[in-house]
Amino acid sequence: MAKRKKEIGKVVSQESIADGIFSMWIETEAAKCARCGQFLSMYTNDSGRLLPRPISICEIDKENGRLRVVYRVTGENTGTEQFSRMKVGDKISVIGPLGNGFPVEEAKGKKVFLMGGGIGVPPILELAKEIECEKKQIVAGYRDAQTFLKKEFEQNGELYISTEDGSVGTKGNVLDAIRENGLSADVIYACGPIPMLRAIKEYAAEKKIVCYISLEERMACGIGACLGCVCRTSQRDHHTNVHNARICKDGPVFLATEVEI
């Protein structure tokens, strides 16, 4: 992957789509070569914050040179809270697209699960738009009835929803939704918190399904230099000569059998 440099993007839209969840479209050169499953490193305008925040790409609009990110505000005076206060026309420094995306070519002619949980839901949208397969089954997990991106998902595949409180769809998690609806697949693509991905990995191994997972992790540099976001792998990493991989550079998408979670 080519080395990415920091550039100045422009905010072209910003809105709240659920409690604490914001959607932002950014006009940026990164849109020209972005792929589903990659992310942006986004900088605040606060000179006291040197490190960027990694935010998954939710949608790609190559024609207009724009990327959509959907993010959760993690608290007052955090980077994401500062992003939420940005207005249309504001400038924002970004590096991207970064990381390796989902291997969409593995889905051709097959039944697939596209699974997202929590803030791992947004990157599944662009995947759903790009992927070509025999049967596209989107399984999204939420805390409650604030099912952000629901309308967009319904336009791009068969949508099944699980909620922790049972207010929409299946009560429980994404695997509960699969079992309740009697669904099956040949390939799984998933993004979400580690407990969810761990359960999906076990399910895939039990059912002998090829599974790709996108790991969520705190990142510092975002380009693989600081080794602050390594995960344990089954293969030896040529960079460190140990069984580690850098999530930001070698991932965030991995074949589930390649990583220990």
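At 54% relative accessibility, Asn77 counts as exposed, where exposed means over 50% relative accessible area, buried under 20% and partly exposed in between, with a 1.4 Å probe and protein chains only. Asn77 lies in the loop between S5 and H1, and its phi is near 60°, a positive value in a residue other than glycine. Helices (H or I, at least four residues) and strands (E, at least two) are DSSP runs numbered from the N terminus.

The model is a predicted one, in which local features need pLDDT of at least 70 and side-chain atom pairs count only at pLDDT 80 or more, while totals for chains, interfaces and linings use all residues. Residues are numbered from 1 along each chain as its sequence is written, and side-chain values use heavy atoms, with hydrogens and water left out.

## Overall picture

The protein has 6 helices and 16 strands, and of its 261 residues 50% count as buried. Among contacts (heavy atoms within 4.5 Å) with a separation of 6 or more, 62% are accounted for by residues 24 or more positions apart. The accessible surface comes to about 12300 Å², and 46% of that surface belongs to carbon and sulfur atoms; such areas come from the Shrake-Rupley method with a 1.4 Å probe, and for residues only the protein chains shown count as cover.

In soluble globular proteins, nonpolar side chains tend to be buried together. A nonpolar core is here a set of buried Ala, Val, Leu, Ile, Met, Phe, Trp, Tyr and Cys residues joined through side-chain atoms within 4.5 Å. The largest such core has 27 residues, and those with the most contacts inside it are Leu114, Ile124, Leu127, Phe148, Leu149, Phe153 and Tyr189. Two or more residues of this core come from each of strand S7 (111-117), helix H2 (122-130), strand S8 (135-142) and strand S11 (187-192), and H2 gives the most, with 4 residues. A second, separate core of 24 residues includes Val174, Leu197, Cys211 and Leu215.

Helix H2 is mostly covered, since 7 of its 9 residues are buried, namely Pro122, Pro123, Ile124, Leu125, Glu126, Leu127 and Ala128. What covers these buried residues includes strand S4 (53-61), strand S5 (66-72), S7, S8, helix H3 (150-154) and S11.

Phe148, one of the core residues with the most contacts, touches Ile17, Ala18, Ile21, Val70, Gly118, Val121, Pro122 and Tyr142, not counting residues up to four places away in sequence. Leu149 is found in the loop between S8 and H3; its phi is near 75°, a positive value in a residue other than glycine, and at 5% relative accessibility Leu149 counts as buried.

## Individual residues

| Residue | Relative accessible area | Class |
|---|---|---|
| Leu149 | 5% | buried |
| Ser84 | 15% | buried |
| Arg4 | 22% | partly exposed |
| Asn77 | 54% | exposed |

Ser84 is found in helix H1 (residues 79-84) and, leaving aside residues up to four places away in sequence, touches Gln14, Phe22, Tyr71 and Val73.

Arg4 has its place in the segment before strand S1 (7-18), and, with residues up to four places away in sequence not counted, it touches Cys33, Ile95, Gly96, Pro97 and Leu98. Although Arg4 and Leu98 are 94 residues apart along the chain, their C-alpha atoms are separated by 7.6 Å. Gly96 and Pro97 are joined by a cis peptide bond, with omega about -5°, and Pro97 is found in strand S6 (residues 91-98).

## The second largest pocket

A pocket is, on a 1 Å grid over the protein atoms alone, an open set of points where a 1.4 Å probe fits, with protein on both sides within 12 Å along at least five of seven lines, and lining residues have an atom within 4 Å of a point. About 330 Å³ of space lies in the second largest pocket, the volume being the space filled by probe spheres set on the points, which are joined across faces, edges and corners. Its lining has 19 residues, of which Gly117, Gly118, Glu164, Pro193 and Met196 lie nearest the centre. The elements that give two or more residues to this lining are S8, helix H4 (174-180) and helix H5 (194-207), and H5 gives the most, with 4 residues. By class, the lining has 9 nonpolar, 6 polar and 4 charged residues, where Ala, Val, Leu, Ile, Met, Phe, Trp, Tyr, Cys and Pro count as nonpolar, Asp, Glu, Lys and Arg as charged, and the others, Gly among them, as polar.
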